[in-house]
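Let's take a walk through this structure together, helix by helix and then on to the ligand. Have the viewer ready and follow along.

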Amino acid sequence: MAVERTFSILKPDATARSLTGEINAVIEGAGLKIVAQKRIRMSQAQAEGFYGVHKERPFFKDLVKFMTSGPVVVQVLEGENAVAKYREIMGATNPYNAAPGTIRRRYASNIEANTVHGSDSLENAKTEIAFFFKDDEIVG
Ligand code: ADP
Ligand code: MG
């Protein structure tokens with residue numbers, strides 16, 4: 001195993017319910033270090049660019065609307081096997097299918113407002129981190 005970095009978003013449904021501290025405690029409890037973090041309001045262009053791979057999907061417009069509906073917290077997480085580990089503690093995309101104890105099972109409202117984003121590969125993690133952070137904003 002290797003030390004990796006992954007990209008995380010605490011989505012608008014998390015900030016709306018003031019769950020950022022609680023979710024960060026879960027992240028840190030799993031052994032992942034939060035090496036960069038900022039609270040931002042995503043622009044429509046940022047949301048469309050970030051979720052560009054989904055632009056042909058029927059939920060794309062709604063997803064962009066949701067992601068720009070309130071503040072989000074963008075983060076870089078670092079640790080052993082960080083990409084897979086974060087996906088594991090997040091749980092499945094649909095909270096109804098997410099394993100007990102996972103972030104989405106505990107906190108998510110539905111398949112769209114599912115509380116957190118996490119990169120699905122090391123390659124995408126690098127691209128997603130670069131989308132929101134400059135190198136000197138990440139302090140490992
Ligand atoms: P994940 O976030 O688990 O990697 P995807 O990459 O498939 O999931 O989808 C990106 C995001 O789009 C999801 O986290 C969720 O917010 C939203 N989404 C995915 N599938 C649907 C759907 N069927 N209906 C509404 N929103 C969806
Ligand atoms: Mg995805």
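Start where helix α5 ends: the helix is followed by Gly91, whose phi is positive, near 90 degrees. Helices here (H or I, at least four residues) and strands (E, at least two) are DSSP runs, numbered from the N terminus. A word on conventions: this is a predicted model, in which local features need pLDDT of at least 70 and side-chain atom pairs count only at pLDDT 80 or more, while totals for chains, interfaces and linings use all residues. Residues are numbered from 1 along each chain as its sequence is written, chains are lettered from A and ligands numbered from 1 in the order in which they are written, and side-chain values use heavy atoms, leaving out hydrogens and water.

Now look along α5 itself, residues 82-90, where Ala82, Val83, Tyr86, Ile89 and Met90 are buried. Buried means under 20% relative accessible area, exposed over 50%, and partly exposed in between (1.4 Å probe, protein chains only). Seen down the axis of α5, these buried residues fall within an arc of 140 degrees, so they line one face of the helix. The arc is that of the directions from the helix axis to the C-beta atoms. Their cover includes β1 (3-10), α2 (20-29), β3 (72-80), α6 (103-107), β4 (116-118) and α7 (122-132), where contact means heavy atoms within 4.5 Å.

Phe7, Phe50, Tyr51, Phe131 and Phe132 form one aromatic cluster, with rings paired if their centres lie within 6.5 Å. Phe7 is also a handy landmark for Ala130 in helix α7: the C-alpha atoms of Ala130 and Phe7 are separated by 9.4 Å, though the residues are 123 apart along the chain.

Finally, visit ligand 1. The residues around it (a heavy atom within 4 Å) include Lys11, Tyr51, His54, Leu63 and Arg87. An oxygen atom of the ligand is 3.0 Å from an N or O atom in the side chain of Arg104. For Asn114, the corresponding side-chain distance to a ligand oxygen is 2.9 Å. With Glu112, a polar backbone atom is 2.8 Å from an oxygen of ligand 1.

Notes
Phe/Tyr/Trp six-rings, centres within 6.5 Å; stacked < 30°, edge-to-face > 60°. Polar contact = N/O pair within 3.5 Å; in protein donor to acceptor, adjacent residues only side chain to side chain.
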